[in-house]
Amino acid sequence: MKRSHLLGALIGIAFVVALPLFIKDEYTLGFLVLAGIVSLTVTGLNMLVGHAGQLSLGHGGFYALGAYASTILTIRFGFTPFPALMIAAIATGLVALLLGIPLLKMLTQFHLAVATLIFVMLINAILIVGGGWTGGFTGIQGQPPFSIGSVVFEGDTANYYLVWGIVFLGILFAAGLSNSQAGRVLRAIQGDETGAQSLGIDVAWEKVKVFVISAIYASVAGSLLAHYTGSVTPAQFGVGPSLEFMVMVFLGGKGSVIGGVVGGAFIKLLPQVTEFMKNYRLLVDGIILTGVLLFVPQGIVGLFKKIWDRRPGGKSPEEAGPLSSKESFSVALAKPEARGE
Amino acid sequence: MLAQVLQFLVSGLTLGAIYALIAFSFSLVFRTTRIMNIAQGEFSMLGGMIAIALIGLALPMFLSVMAGIFLVAILGLIIERVIIRRVRTFPRMMIIMVTIGLSMTIQGFAVVFWGQDSYLLPHLSGADPIQILGAAILPQTIWILAISGVLSILFWFFLGRTMIGLAMRASAENRLAASLVGINPIRVVQLSFVFGASIGALAGVLVAPIVFMNFLSGVLLTIKGIVAAIVGGIESNVGAVVGGLAVGLAESMAAGIFPSMYKDVIALLILLIVLCAMPKGIIRGSAR
């Protein structure tokens, strides 16, 4: 890890740790907890998009599975929240495996995008017709606050530290994966799938693994959401939220380990700033996504990185090297045929 | 029993004709641009919603429907000019995301204009069902089948016999070679977007009297159209029709067998299974 990265990370951590000291307003703090929960999902999704180069429009489905599994296990079966979260995560991982194997093994990016879109609609439809199990349209209320052993996380401040602590672990894991051999394998796949295959990499299996990991991130976030808000309804997990996760990924910076947090926090805190947005939410999301893709395809993090590298005394543009997304752009611009179209 | 089967058959064919139109518009755009446009169903939603809104302003039926299709066609033109032309050289993942951004933007406008409520368009001619062999058939059904049937034949003629249609096919086949013999590829893409948008909008105004429309209807129409296109084989004109009818029939049969509350679950499950089981069409297409 470079020194500037370490310094940035320390400043970031200090900022997140110190923030509740300055925010006494419960409502705002609550938003920050929700922003953390969403950021966790987006961090996982970003691994799939950024490292494995796959699109999922259905992570709201895994988010829902985590939330509902935790809810049902604690309320109907008397589990305590921590084991419920773990079981939910494992179960969701298995669902992702079942879905991922046929999809990632033989289908294209586009197939996965459409199939995951169908998946989240299917999960939503099941939650609505689930009757006594899922509570239908009104969902289930009254989840106990999250607890590990005798430590109960009640109230906004406790949940803030719980959620952001888990986000921190999630980022650490993502960064570790990105720098490990597995991360390099994934980047190789994104760079040249056939080339990676010829080096003996089981491309499909590597993609399935990331798909499952990212689903587990979403599941854990869903469980945390259920225990924090004490309420789940199908509407929280539909197509809209799923697509919003993708907006966050691209806004924050595809492939950046902290991009998920930046994008997640940005979109989640936007309605705080502009209260008028209720009906405009979808429109704003759509315009942000289209705008980001057209004008800042490297996202916020990539943009700052570029500005940082270009600063006086920074790296020369050649030395700084092109950003990964920009690089693929220039390749794309140079040779449309090279992309196998 | 016979009446019941006939009933399902008719409703399956009706829905199937709508899906076929959307599938056709999707594959038309795909074949000429290699862009898989996830916003395709939004054209249908928008066409239906605009027609409903205009009828609400006391405009005559025919005019409202035509205006709905025309406005969406113009939107297709604008989208091609302003967005698609810019992103054509992007990596495929980015293009797919751009169409998702477009899709969300169109839905977002729909929410701003019409809120989250659902609306129905009046039937083109009367809502009283006609009894045929014990099955009740809506006049709208006949309209849908007739219009989509005629349109298929027209397009088959257009793509196979007219100069512009042949130019479009040539450009879809080989862009470079087509431009060498004087076909302007930009015009072809433009044309296919306008056709794609207006066929989508037509599907929307046809289905709006029998299925409630709201800002999210486009998503469902998109995935059904796309799965139909994939199943039928995205590279062929007949594929969209076959795939659309297959998806429509499967959906209506499932609705007849299972309790109606599970209708959506079953329909989505079928789509997911079909997509996993029969991906070949599209793979063959995009490999070229």
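At roughly what angle do the axes of helix α10 and helix α11 of chain B cross, and within what distance do they come? I'll take that pair first, then move to chain A. Bear in mind that this is a predicted model.

In chain B, helix α10 covers residues 237-257 and helix α11 covers residues 263-277. Their axes cross at roughly 140 degrees and come within 9 Å. The crossing of α10(B) past α11(B) is right-handed. On the α10(B) side, the residues that meet α11(B) are A250(B), E251(B), A254(B) and A255(B). Facing them from α11(B) are K263(B), I266(B), A267(B) and I270(B). By class, that contact has 6 nonpolar residues, 2 charged ones and no polar ones. On the spacing of such positions, an α-helix has 3.6 residues a turn, so residues three or four places apart point the same way.

Now chain A. It has 341 residues, and 47% of them are buried. The secondary structure comes to 15 helices and 4 strands. Taking contacts in chain A between residues at least 6 apart in sequence, 76% join residues at least 24 apart.

One helix there is worth a check on its length: α5 of chain A, residues 109-129. With 21 residues at 1.5 Å a residue, the helix should span 30 Å. The C-alpha atoms at its ends are 30 Å apart, so expectation and model agree. Just after α5(A) comes G131(A), with a positive phi of about 55 degrees.

That's what I have.

Conventions: Residues are numbered from 1 along each chain as its sequence is written. Chains are lettered from A and ligands numbered from 1 in the order in which they are written. This is a predicted model: local features need pLDDT of at least 70, side-chain atom pairs count only at pLDDT 80 or more; totals for chains, interfaces and linings use all residues. Helices (H or I, at least four residues) and strands (E, at least two) are DSSP runs, numbered from the N terminus. The expected span of a helix is 1.5 Å times one less than its number of residues. A residue is buried if 20 or more other C-beta atoms lie within 10 Å of its own, exposed if 12 or fewer, and partly exposed in between; C-beta atoms are placed from the backbone. Two residues are in contact if their C-beta atoms, placed from the backbone, lie within 7 Å. Axes are lines fitted to C-alpha atoms, for helices over the stretch in contact, and angles run from 0 to 180 degrees between N-to-C directions. A crossing is left-handed if the near helix is turned anticlockwise from the far one by less than a right angle, and right-handed if clockwise. Ala, Val, Leu, Ile, Met, Phe, Trp, Tyr, Cys and Pro count as nonpolar, Asp, Glu, Lys and Arg as charged, and the others, Gly among them, as polar.
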